[in-house]
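Here is a friendly note to read with the model open beside you.

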Amino acid sequence: MSVNLTLLIVMGALYACGIYLILERSLTRVLLGLMLLANATNLLILATGGYAGLAPLFAKDIAAKDYNDPLPQALILTSIVISFAVTAFMLGIIYRTWLLARQDEIQDDAEDRRVAATPSFDAEDDAEVPAETSEFPLTMLGSDGMDVSDRGASGADAGLQADQPPATVLAGGREMSAEHAAAEEKPGSLNIDPSPEGGGK
Amino acid sequence: MTIASLAPLAVVLPILGAALTFLLIRHTRAQRGVSIALLSLTLALECLLLASAWNGGTAAVTIGGWLPPFGIVMVVDQFSSLMLVVSSAVSLAVLVYATGQGMADGDHDAPVSIFHPTYLILVAGVSNAFLSGDLFNLYVGFEILLTASYVLMTLGGTGPRIRAGVTYVVVSVVSSVLFLIAIAMVYGATGTVNMADLALKLGDLDQGTRTLLHVMLLVAFGIKAAVFPLSFWLPDSYPTAPAPVTAVFAGLLTKVGVYAMVRTETLLFPGDTLNTPLMVAALLTMVVGILGALAQSDIKRLLSFTLVSHIGYMVFGLAMSSAAGLAAAVFYVAHHITIQTSLFLVTGLIERRGGSSSVDRLGGLAKLSPMLALLFFIPGMNLAGIPPFSGFLGKVGLLQAGVELGTPLAYALVTGGVVTSLLTLLAIARVWNRAFWRRPTDAEHPDPVLLAPQPVRVAGPGAKLNSTVTLLPRTMVGSTAALVMVGVALTVFAGPLFGLSDRAARDMLDRGPYIHAVLGDAAAVPGTTAAGGTR
């Protein structure tokens with residue numbers, strides 16, 4: 001089986017450029033890289049078909065080995081159609097990214113960054129557990145006469161956070177209608193200032 | 001005419017449905033009817049296929065009149081028909097759920113009307129990949145389902161979805177290119193892409209070429225199946241998609257990759273050349289995945305990490321290349337598709353009811369909606385492998401097979417499997433304790449929806465602030481409950497199912513039934529377990 005060297009060198013160059021391009025952060029370059037990779041692969045499939053023979057149109061007096069292998073061409077055709085669809089879709093996505101963010105770069109995952117920045121200390125799992133975690137108020141035991149029934153199980157720090165922000169429509173990091181906020185503003189509600197991360201939403 | 005000759009309909013029917021629903025794009029109600037009816041029909045057909053293959057009737061259908069190894073072949077055996085039935089049942093449940101969501105929110109926008117055709121094409125792609133008897137058709141099946149998944153992933157075109165979609169598309173395309181390169185090389189080396197024919201011819205190649213082709217195929221499928229270290233893309237891209245979409249992706253797409261890996265390992269490259277690297281990859285997938293899950297506070301991200309982690313169990317079963325290990329892996333795939341999908345569906349319900357999917361903002365859901373708590377608890381415990389659920393049975397099967405193998409690496413994997421199972425329990429218990437058990441006021445940033453005194457009619461996440469939506473529509477809860485019941489049924493009927501997986505594993509390791517079904521009884525099957533596979 002003879003191999004077309006030019007074809008292979010072109011293929012190698014396309015692979016090299018393609019891999020270089022998909023490692024960029026710019027989406028347009030990534031798309032160009034993917035197209036180069038797809039075309040390099042098409043050349044590879046073509047190369048597996050062996051030497052360039054006659055067109056695979058059947059004629060009685062031609063021996064079977066003189067024909068070109070038609071199967072790789074059928075495979076290439078399918079793969080061209082598929083990469084065409086993917087390219088069109090990628091262009092749509094890139095355009096949408098440009099509309100939304102006015103930039104052509106891959107964005108960071110905000111939630112991923114947040115999780116990475118979170119300290120390993122977990123307020124709920126690792127905090128010191130208060131001695132009294134029962135749902136029954138301490139008044140029943142007659143300790144200090146204070147009603148703590150609407151404090152949470154993590155009552156130790158709940159008391160510190162109980163100072164409410166003034167009447168606002170921001171609660172728990174979420175914009176809400178005034179009537180809901182009013183319904184919220186009941187004593188014991190533990191809404192604290194919305195954190196800048198806002199739970200990643 | 002046998003039942004198996006109906007197999008192509010499993011691909012044709014959903015595509016037909018996609019065409020119909022695309023024509024009916026302005027009539028949402030008709031669209032729903034058509035897609036649910038056609039998917040139910042497909043499921044019924046696939047149940048027939050499973051029944052015909054139940055006792056070991058591997059059958060092949062040639063398409064287009066070209067005899068194998070030249071034409072396209074579809075192969076129905078126990079494994080592929082089991083996968084078809086489970087995947088269609090799951091996709092039907094998700095479709096009903098998504099329809100319920102659309103009806104509850106009352107949106108007739110364009111992105112939702114494109115949902116049905118795309119979804120049906122996804123199902124067709126999955127069926128095609130499961131049925132495919134040649135490598136290139138497998139590639140086409142992958143591309144059909146991937147292209148549909150690109151659209152579903154970025155449905156609505158919001159910022160986070162586009163960001164996640166870019167990563168997903170680029171990674172998927174690179175894996176597809178790798179797969180295509182592998183196919184080209186396989187064709188260059190053997191002159192065929194028919195898998196039964198390859199099973200005969202790959203044995204004649206010298207060891208170096210074989211290993212190269214083997215590694216390339218496994219890497220391409222490993223990206224799709226999210227095997228560590230090729231799993232980084234999954235937790236990044238899945239959580240942002242709409243709940244039903246994430247659910248169906250989590251259930252089906254990675255399992256198609258696992259399915260392709262199983263076929264590669266058993267049919268194309270039998271023997272144990274790459275078992276050690278695969279086992280190490282399985283161990284790392286399990287442990288690294290679950291450690292990632294423990295760090296998350298968003299339930300969807302947490303579940304995405306457990307998804308990656310539990311892929312490790314399947315790769316573990318596969319890497320042992322013993323009948324017991326493979327049978328447990330087959331059972332585990334069926335179990336995991338159902339459980340992981342139901343958990344994501346429940347998370348969608350949690351997000352509707354509690355206004356958020358972050359455990360920092362949730363609390364008190366068990367009191368607000370005991371039904372929701374039950375729906376989360378059952379698959380959660382099932383995933384963690386608590387007896388008597390199917391997750392426990394699958395894991396016990398894997399651990400038994402590992403102990404039978406008895407090598408130090410197998411024991412390391414058995415230990416890793418137990419640790420992963422316990423850590424999964426920890427992750428699930430943390431979600432349970434925070435989202436369901438504690439009072440909403442104890443949350444770090446409690447969601448106002450949970451604190452409102454009359455939370456029955458407030459704005460849900462999918463609707464505009466001024467519109468009112470039903471928080472837990474009956475259709476959505478019903479379809480989730482149905483899927484959870486399927487998960488429980490896998491436990492109840494675990495005996496027959498394990499019998500089926502056992503026969504499937506034996507047939508796959510034997511390779512004879514597959515090759516004879518495709519190439520006719522005259523084909524000489526090479527030695528079954530010999531590493532060289534000489535004819």
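1. Helices (H or I, at least four residues) and strands (E, at least two) are DSSP runs, numbered from the N terminus. With that in hand, find R102(A), which lies in the loop between α3 (71-101) and α4 (110-117) of chain A. Phi of R102(A) is near 55 degrees, a positive value in a residue other than glycine. Is R102(A) buried or exposed? R102(A) is exposed, with 7 other C-beta atoms within 10 Å. The rule is that a residue is buried if 20 or more other C-beta atoms lie within 10 Å of its own, exposed if 12 or fewer, and partly exposed in between, with C-beta atoms placed from the backbone.

2. Please keep the ground rules in mind. This is a predicted model, in which local features need pLDDT of at least 70, side-chain atom pairs count only at pLDDT 80 or more, and totals for chains, interfaces and linings use all residues. Residues are numbered from 1 along each chain as its sequence is written, while chains are lettered from A and ligands numbered from 1 in the order in which they are written.

3. Now look at chain A as a whole. Seven helices and two strands make up its list of elements, and along the sequence they follow the pattern α-α-α-α-α-α-β-β-α. Of its 201 residues, 21% count as buried. Among contacts in chain A with a separation of 6 or more, 52% are between residues 24 or more positions apart; two residues are in contact if their C-beta atoms, placed from the backbone, lie within 7 Å.

4. UniProt positions are given in the numbering used here, feature names are shortened, and annotations may be inferred rather than shown by experiment. In the model, residues 6-23 of chain A are 94% helix and 0% strand, with end C-alpha atoms 26 Å apart. Residues 74-95 of chain A are 100% helix and 0% strand, and there the end C-alpha atoms are 32 Å apart.

5. On to chain B, where UniProt (unreviewed entry) lists residues 132-419 for "domain: NADH:quinone oxidoreductase/Mrp antiporter transmembrane". Over that stretch of chain B the chain is 79% helix and 0% strand, and the end C-alpha atoms are 36 Å apart.

6. The expected span of a helix is 1.5 Å times one less than its number of residues. Helix α2 (residues 28-53) of chain B has 26 residues and reaches 37 Å from its first C-alpha to its last, close to the 38 Å expected. Buried residues in α2(B) include V34(B), L38(B), T42(B) and E46(B).

7. Next comes a pair of helices side by side. Two packed helices are described by the angle between their axes and the distance between the axes. Axes are lines fitted to C-alpha atoms, for helices over the stretch in contact, and angles run from 0 to 180 degrees between N-to-C directions. The axes of α12 (residues 275-294) and α13 (residues 299-319) of chain B come within 7 Å and cross at roughly 160 degrees. These two helices are therefore roughly antiparallel to each other; angles under 35 degrees count as roughly parallel, over 145 as roughly antiparallel, 65 to 115 as roughly perpendicular and the rest as oblique. Among the residues of α12(B) that meet α13(B) are L278(B), M286(B) and G289(B).

8. Compare that with another pair. Helix α14 (residues 323-354) of chain B and α21(B) pack at an angle of about 125 degrees, with their axes 8 Å apart. That makes α14(B) oblique to α21(B).

9. What comes just after α21(B)? There R511(B) takes a positive phi of about 65 degrees, although R511(B) is not a glycine. With 22 C-beta neighbours inside 10 Å, R511(B) counts as buried.

10. Finally, look for two cis peptide bonds. One joins F228(B) and P229(B), with omega about 0 degrees, and P229(B) lies in the loop between α9 (207-225) and α10 (233-237) of chain B. The peptide bond from P387(B) to P388(B) is cis too, with omega near 5 degrees.
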